[in-house]
Amino acid sequence: MSTPKLAFMFSGQGSHYFRMGEGLYARHPTFRRWMDRLDVLVRDLAGSSVVEALYQEGRGKGDVFDRTLLTHPALLMMEYALAESLIEAGVVPDVVIGASLGTVAAACVAGCLDVEAALEMTIRHARSLEACCERGAMIAVLGPTSLYDDAGLSRHGELAAVNFDAHFVVAATMQGAAEIEKILRVKDIVFQRLAVSFAFHSRWLDAAEALFKERSRSMRARPARLPLVCCARTRAIDTFTADHAWSVAREPIRFFETMKRLEESGPYRYVDVGPSGTLATFMKYILSKGGSRSTHHTVLSPFGRDFERFTAAATELGARPPRPGTDERAEAPSPSGAAADARAAGPSPRGFEAASRPAAPAGASSSDRAVGSEPSGAPARAPSDGPRPLRAEASGAAATNGVHAGPRATVAFMFPGQGSQKRGMGAGLFDSVPEYAAVEREVDALLGYSMRALCHEDPDGRLKETQYTQPALYVVNALHYYDAIARGQRPDYVAGHSLGEYNALLAAGAFDLLTGLRLVKKRGELMAASVSGGMAAVIGMDEGRIKQVLTENGLGTIDVANFNSPSQIVISGPVADIARGHTVFEDAGARTYVILPVSAAFHSRYVEETGRAFADFIAPMRFEALRIPVISNVSARPYEAKDPSATIKSLLVQQITRPVQWVQSVSFLMAQGVKEFREIGPGNVLTRLVQQIERQPSGA
């Protein structure tokens, strides 16, 4: 008898709920890392955090979660992170199956799409629906498909899905849904309204088709590297184009027909990689008839115990079970074609360990913004926080939050800027770092409020305000630094993104913690008082093309503010011109143009007055010689050793009006032989940018 092949099944809209995957997010490092990494991009594109929406304190699994702009990316993130966690544990699919939106996640695992591009596409889809379509509903009916016509449901809606012989879904307008529910109640037929805001898989989506396809005209896909079965087509497809992306949400879901056809080439082990186990339930009924040797497996469920369920399912499917008490943080694999790559490489030796210190996402603040939300334009944070253990592993390599971990590597510490903050950051460090305990009272006296309370509780919602965010992030970055040093870690170079440069100077011995805090406090106050201009992030366009677009469209009033990665650049200028840039850049081929929620055009000519005021403040101060090289945002080179006070003052003042040369800084460090970049602070924003810079190297 043939060995059953392994099939991953990805479900679509209706299988989501608040708090889905929460237990796995808290305890499984790979799952959490993927969720955090993708959440950064969602913030960039949608302006909101999926992780915060999912796990916000006070929200229950039964609460309605139907905002498509969030549920679309939430499902993709959840399913992709779960698939990658299984793959890293050695549970590698031979085939992937997508139902509705789940086909997008399946296409990513099959290697057709990078998950970042897929997220952009799903958000474009959601925005197109919200812009063009009336609200609608979907109703799942427990009964034979014949009821659709026999009970008169077809007069009020369209058949959207047939899941097995006694389960189907009808899509309708809100009025039509009410009529359908009346009929079902009278006939005493079991039904459930799904948590969606549109009538997916029906003609009521057609109004959005032209807009979605226009916005997706630049979408590029690769051939599938393993069979990709689409339940809209009832068969395997070779790639995943914009037309496919539209059809999987518009055409009926023919899950029953698709799986019966697939069974002809079985047997299979069907693994539901969705949050609810919905498709595994459907397979239970499909497989109950006909004597199939195939089996069905559920990984997650709305009934909780996510980590235990994952462990049991993965072990049953052949993964090595976790070792209790480990704290390994394996690097996330490449986000494209992971399944095919994993099959070639064999099972990962350490992808299934649980972090020994669970992280609690509940209560996260909504203060973090889209990419570049700092006045410096630093990208929005990923919600991972807490001291990252940097202990040596058996091989001698360090487990870090960075990239390129390896023994005896040249190490750079990176300190993030504004945008990485969140309520709860620094938890556990305020009490465990003696360097801070010795000065905590002085910190609070200098600021006029409790730093600990601001970071842990943010009772007045101030953490999103620049004059509070900058001191808070400086302190928490410092806590992470002292913790890393206490664990025996030592950098060869230090660098920081905008505000983070102050932490780099602290680490190099330029000043003590309190002196740096005075500088950052003043910087934050001056920046908060600036009210001229705006900023935007241009994603998917390089520096040369951006400057060309600005010149060709008479936008010489706009300055380049941040070089975050080769394809993510922030611009600053007058509000009206930044607003006009939205159409200009999207027409010129930018993937995304995000206007940032800032009060002024930072890192540009328009904040020269702020720079002059800061120069007056810093003038009487003296600074110490640097003990290790600090890479300047202004020059992307180390601070010069001669006359350290004058050099530091000059570069910190220039930093306010000059662009952040992050790409150039990382490229310089790579040229110096740096092999290991460790992010010292909350989140993994800079780690993600380093990975992008590595993939698209720029000149040093």
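The model is predicted. The protein has 27 helices and 18 strands. Of its 700 residues, 62% count as buried. Take the contacts between residues at least 6 apart in sequence: 80% of them join residues at least 24 apart.

**Helix 4 with helix 6**

- Helix 4 spans residues 68-88, and helix 6 spans residues 115-132. They pack at an angle of about 155°, with their axes 8 Å apart.
- Helix 4 is therefore roughly antiparallel to helix 6, since angles over 145 degrees count as such.
- The crossing of helix 4 past helix 6 is right-handed.
- Helix 4 contributes Thr-68, Leu-69, His-72, Pro-73, Leu-76, Met-77 and Tyr-80 to the contact. From helix 6 come Val-115, Ala-118, Leu-119, Thr-122, Ile-123, His-125, Ala-126, Arg-127, Leu-129 and Glu-130.
- By class, this contact of helix 4 with helix 6 holds eleven nonpolar, four polar and two charged residues.

**Helix 19 with helix 21**

- Helix 19 covers residues 466-486, and helix 21 covers residues 513-529. Their packing angle is about 150°, and their axes lie 7 Å apart.
- That angle makes helix 19 roughly antiparallel to helix 21.
- Helix 19 passes helix 21 in a right-handed crossing.
- On the helix 19 side, the contact residues are Thr-466, Gln-467, Gln-470, Pro-471, Tyr-474, Val-475, Ala-478 and Tyr-482. They meet Leu-513, Gly-516, Leu-517, Val-520, Lys-521, Arg-523, Gly-524, Glu-525, Met-527 and Ala-528 of helix 21.
- The contact of helix 19 with helix 21 divides into ten nonpolar, five polar and three charged residues.

- Helix 10 runs over residues 242-250. Eight of its nine residues are buried, so helix 10 is largely enclosed by the rest of the structure.
- The buried residues are Ala-242, His-244, Ala-245, Trp-246, Ser-247, Val-248, Ala-249 and Arg-250.
- These buried residues pack against helix 5 (102-109), helix 6 and helix 9 (209-215). They also pack against strand 4 (158-164), strand 7 and strand 8 (235-237).
- Strand 7 (residues 228-230) contains Leu-228. Leu-228 counts as buried, at 0% relative accessibility.
- Leu-228 and Thr-103 are 125 residues apart along the chain, and their C-alpha atoms are separated by 8.3 Å.
- Leaving out residues up to four places away in sequence, Leu-228 touches Val-96, Thr-103, Ala-106, Ala-107, Ala-110 and Cys-112, among others. Its contacts also include Arg-235, Ala-236, Ile-237 and Thr-239.

- Helix 13 spans residues 306-316. Its buried residues are Asp-306, Phe-307, Phe-310, Thr-311, Ala-313 and Ala-314.
- The buried residues of helix 13 pack against helix 1 (22-27), helix 4 and strand 10 (295-298).
- Just after helix 13, Gly-318 takes a positive phi of about 110°.
- Ser-301 sits in the loop between strand 10 and helix 13. Ser-301 counts as buried, at 6% relative accessibility.
- Ser-301 touches Tyr-17, Pro-275, Ser-276, Asp-306 and Arg-309, with residues up to four places away in sequence left out. One of these, Asp-306, is among the buried residues of helix 13.

**Thr-278 in helix 12**

- Thr-278 belongs to helix 12 (residues 278-287). Thr-278 is partly exposed, with a relative accessible area of 25%.
- Thr-278 and Phe-10 are 268 residues apart along the chain, and their C-alpha atoms are separated by 9.5 Å.
- Not counting residues up to four places away in sequence, Thr-278 touches Ser-15 and Asp-272.

- Ser-498 lies in the loop between strand 12 (493-496) and helix 20 (500-507).
- At 0% relative accessibility, Ser-498 counts as buried.
- A polar contact of 3.2 Å joins the side chain of Ser-498 to the side chain of His-603.

Key:
Residues numbered from 1 in each chain as written. Predicted model: local features only at pLDDT ≥ 70, side-chain atom pairs only at ≥ 80, totals over all residues. Heavy atoms only, no water. Helix = DSSP H or I, 4+ residues; strand = E, 2+ residues; numbered from the N terminus. Buried < 20%, exposed > 50% of the residue type's maximum accessible area, 1.4 Å probe, protein only. Polar contact = N/O pair within 3.5 Å; in protein donor to acceptor, adjacent residues only side chain to side chain. Axes fitted to C-alpha atoms, helices over the stretch in contact; angles between N-to-C directions. Parallel < 35°, antiparallel > 145°, perpendicular 65-115°, else oblique. Left-handed = near helix turned anticlockwise from the far one by under 90°. Contact = heavy atoms within 4.5 Å. Nonpolar A, V, L, I, M, F, W, Y, C, P; charged D, E, K, R; others polar.
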